[in-house]
There are 2 protein chains.
Amino acid sequence: MLSQRLRNDALRQRIVSAEEACTWIEDGMTVGISGFTSAGDVKVVPSALVERVKKEGKPFKINLYTGASISAADGLMAEAGIINCRLPYQSDRRMRKAINRGEVHYLDQHLSHTAEMLRSGAIHTIDVALIEAIAITEEGHIIPSTSLGNSHIYAQQAQTIIVELNLAQNLALEGLHDIYDPGEQGHRLPIPLTSAGQRIGSTKIEIDIEKIKGIVITNRPDFTSEMTPPDAETEQMAEHLVQFLMEEVEQGHLPKHLEPLQSGVGSVANAVFYGFLKSDLTDLEVYSEVLQDSVFELIDAGKIKVASGCAFTLSPARYGQVMSNLDKYRDRIVLRPQEMSNNPGIIRRLGLIAINTALEVDIYGNVNSTHVMGTQMMNGIGGSGDFARNSRLTFFCTKSYAKDGKISSIVPMVSHVDHTEHDVDVVVTEQGLADLRGLAPRQRAEQIIEHCAHPDYRPQLRAYLEEASALGGHTPHVLEKALSWHVRFQQTGTMKDETTVH
Amino acid sequence: MLSQRLRNDALRQRIVSAEEACTWIEDGMTVGISGFTSAGDVKVVPSALVERVKKEGKPFKINLYTGASISAADGLMAEAGIINCRLPYQSDRRMRKAINRGEVHYLDQHLSHTAEMLRSGAIHTIDVALIEAIAITEEGHIIPSTSLGNSHIYAQQAQTIIVELNLAQNLALEGLHDIYDPGEQGHRLPIPLTSAGQRIGSTKIEIDIEKIKGIVITNRPDFTSEMTPPDAETEQMAEHLVQFLMEEVEQGHLPKHLEPLQSGVGSVANAVFYGFLKSDLTDLEVYSEVLQDSVFELIDAGKIKVASGCAFTLSPARYGQVMSNLDKYRDRIVLRPQEMSNNPGIIRRLGLIAINTALEVDIYGNVNSTHVMGTQMMNGIGGSGDFARNSRLTFFCTKSYAKDGKISSIVPMVSHVDHTEHDVDVVVTEQGLADLRGLAPRQRAEQIIEHCAHPDYRPQLRAYLEEASALGGHTPHVLEKALSWHVRFQQTGTMKDETTVH
């Protein structure tokens, strides 16, 4: 059995315990690990490291680079206080707290940027790469598991590689990956990808076998969690969005099969995809970061022809169903490195339709995706910037309010900008949809207020716009009031201004 | 003589006066014209149109699309009140005023986006294209003059084309252009460009000869203006920047010939390029929007091997010198459409070094390039977003202060965001340089305050950062004070806070 997984007999001598492997990670090192939304992350060495460091009781800090969010390791390491720098994305409760206390230096990056920054020496080089695999080939090449993320570039750049060989991950994953390395900037050929499902690379991470210092055998499935099911409001947003796309098709602005779809992680994007289930759309393609439950449901229903991503992000039930039916999905799924799934040139070439989530949107269409009240990091920008700027059609979705109506998601000025108005085509809330294409700021404001804001907040927004417009300017603002809604929430617990005449 | 310019005899019958040609432009139409920084813009039909409309005295509005800024026409048309929508960039005093009064709907766009928006139907389609040419071939193909900008896509998408055949533009410009059309999104091949000087397209705008409705003969050189000469402070900025690049070369992060350089329009970027004159650097390449005076000086000095852009942007003296020595520059210059000069995929592939100008920068590295005091449009974002996000190394330059020190260009929070901190690697002022790569927000703030801010404002900035950091958060802010510097300037005429202990 192990010979199927470890195809070079000599490598058996490198099998070590997690406890031994973790001793190779030293204070001050930079560690690049596999894992993207808990899929294919390393499962035992990080916790062994935390245990070891606790026992030793000496000062110890590492830089931790991942694909995106990971499961337990982020929380454990943050709590143990062993992270100096963390990039490019996280979504862990305890890590988030450490970041917001300023204890962890968090580099919130466009997910396609990390590999380039490593190549150009803009960030610390990788000392140790920790990669989950389903197998290692005779040549010592690594066959990854349920995500690719940055694993390839971390393995390539690392001095030392530790592989977690996970017997619980289905060997039938072999062949799903497509690993293409663009090479050094300035010496590159054009990336040959011209369609969502095309294969252009290797199914393995090709590295020098001598870099594999140790192999830790594990036997744990990915951590999976239930997706928040669609509620009435996410369903309304999905309806608005699908209807808009159908109208674009009718008007001849989009082909019948649309263009390849990207959707961010989360229940809103998932609800939108479920919205396609009820539509007449067929022959859909997906070119996205994550492949969520809905993608597989749409494949099963004959709606999606092919789906490309850099990770599976599945609920417990769907994880089991997909992993035990991989042959059924084999011709319809491609897993790529995140610098390929999120590549600006490819996104523009294919003309994607990008659907991402906002925390808040301002009346001019600037989007905050990351910072609660402008200061507290939620998760990170992730790939939304890669897609928003380069797609053919860019949607941002948010419920029009939060905290039982005490927060309006539509505000005069966002408290932090992740996506500027130049990159936002359409804003969707449960209230409706604002098509901002071809509109100047004052026109955008009217659309967003009347179609997206919650009715409770429209009078306040109209009053702000009126006061600002009277002052003039291309993007009118009353600077002393621009962030007053956030200040009011902090001081009174609601953004509602009782002095505005309703 | 005319036969060299008008190579199909039948076209002679389509020669018309500007007065006649302008009658084909009707109320409500969308007009796409050539011109990028006054280079190669149409010179007589727009003013004839303004005269005609004034005479007729009837309601008249058109949408005006260009490459970027143009010369006299923007001011004339803005003053006549005949513009409904204007895109994607302008820099005219009178147009700016009309925009800020809300009379002109201005779409401030990434310069690489306009062509894609036309293809996908996101903006009004072109009714009439007005293109300056040096010649029209036997097949009716248009040979452009000193800029390419969006001329190709406007001509391709237009119902009707009017050519201004400009006898004052040197015929030796023929062959400098390289017009590549990527085709429809979703049906594209990879753009084959792999080096700055490579030619991949046609030297002509290839259109159906029947679309050329009229040809207006003109005889006017481009409007040129003197570049603001470097002053002590722009020279200091250039020194900081060139020294930084030399250190990157020494550390092996950049090759000796650097990577292809991009620089925005203006005196700062020009000064930086002059800084290379004094350096030991050779074999430089340029892959930029505009080719300014300094590019030709560096070619003359044997420093620049090849330069690609979408327009010449020259001073009066340099315009004369370049235009009468085109054979000398022929092998070193390529003019491309702006969707190619600014193409995200190409910018990343070549690994550019991008140098652009900021109006203001905040302590976390967010950049405002467009809006004075957050509301008044100056010019537009132009191509800075295309380059900043996709380059290997992104610089933003600004003097640390404006208005005799009454405005600090380094502020707690920018009043408008064009470039988010994710896209800003290095900030340069005359005070020094902050290398933000690999730094989290609180670390970035220290670098920017200590290295870039004017000493007069450092105590205030430190006080803000300290107060904000005590409140916590990944990107600490005191929301009620975040824009208070701008408000103070509006109310008191200075950003200086006399209550801060110095």
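Between chain B and chain A the count is 2 salt bridges, a salt bridge being a side-chain nitrogen of Lys or Arg within 4 Å of a carboxyl oxygen of Asp or Glu. This is a predicted model, in which local features need pLDDT of at least 70 and side-chain atom pairs count only at pLDDT 80 or more, while totals for chains, interfaces and linings use all residues. Residues are numbered from 1 along each chain as its sequence is written, chains are lettered from A and ligands numbered from 1 in the order in which they are written, and side-chain values use heavy atoms, with hydrogens and water left out.

**The interface between the chains**

- The side chains of A:E116 and B:R348 meet in a salt bridge, at 3.7 Å from N to O.
- In the contact between the chains, 75 residues of chain B touch 75 residues of chain A, where contact means heavy atoms within 4.5 Å.
- About 6,200 Å² is buried between chain B and chain A, and 53% of it lies on carbon and sulfur atoms; buried area is the accessible area (1.4 Å probe) that two parts lose on being put together, summed over both.

**Helix α19 of chain B**

- Helix α19 of chain B covers residues 484–492, and its buried residues are B:W485, B:H486, B:V487, B:R488 and B:F489; buried means under 20% relative accessible area, exposed over 50%, and partly exposed in between (1.4 Å probe, protein chains only).
- Helices (H or I, at least four residues) and strands (E, at least two) are DSSP runs, numbered from the N terminus.
- The cover over the buried residues of α19(B) includes α18 (479–482) of chain A, and from chain B it includes α17 (458–471) and β16 (360–362).
- After α19(B) comes B:G493, whose phi is positive, near 85 degrees.

- Strand β20 of chain A (residues 393–397) is mostly covered, with 5 of its 5 residues buried.
- A:L393, A:F395 and A:C397 are buried on one side of β20(A), and A:T394 and A:F396 are buried on the other, so that both faces are covered.
- Strand β15 of chain A (residues 353–357) runs parallel to β20(A) and is joined to it by 5 bridges, with A:I355 standing opposite A:F395.
- Strand β24 of chain A (residues 426–429) also runs parallel to β20(A), through 3 bridges, and here the bridge partner of A:F395 is A:V426.

**The three-stranded open sheets**

- In chain A, 3 strands form an open sheet in the order β17-β16-β23 with mixed pairing; two strands pair if DSSP finds at least two bridges between them.
- The edges of this sheet are β17 (367–368) and β23 (410–411) of chain A, each with a single partner strand, so one side of each is left without a neighbour in the sheet.
- Strand β16 of chain A (residues 360–362) is joined to β17(A) by 2 bridges in an antiparallel arrangement, and A:E360 has A:N368 as its bridge partner.
- In chain B, an open sheet of 3 strands has the order β17-β16-β23, with mixed pairing, and its edge strands, β17 (367–368) and β23 of chain B, each pair on one side only.
- Parallel strands β16(B) and β23(B) are joined by 2 bridges, and the bridge partner of B:D362 in β23(B) is B:V411.
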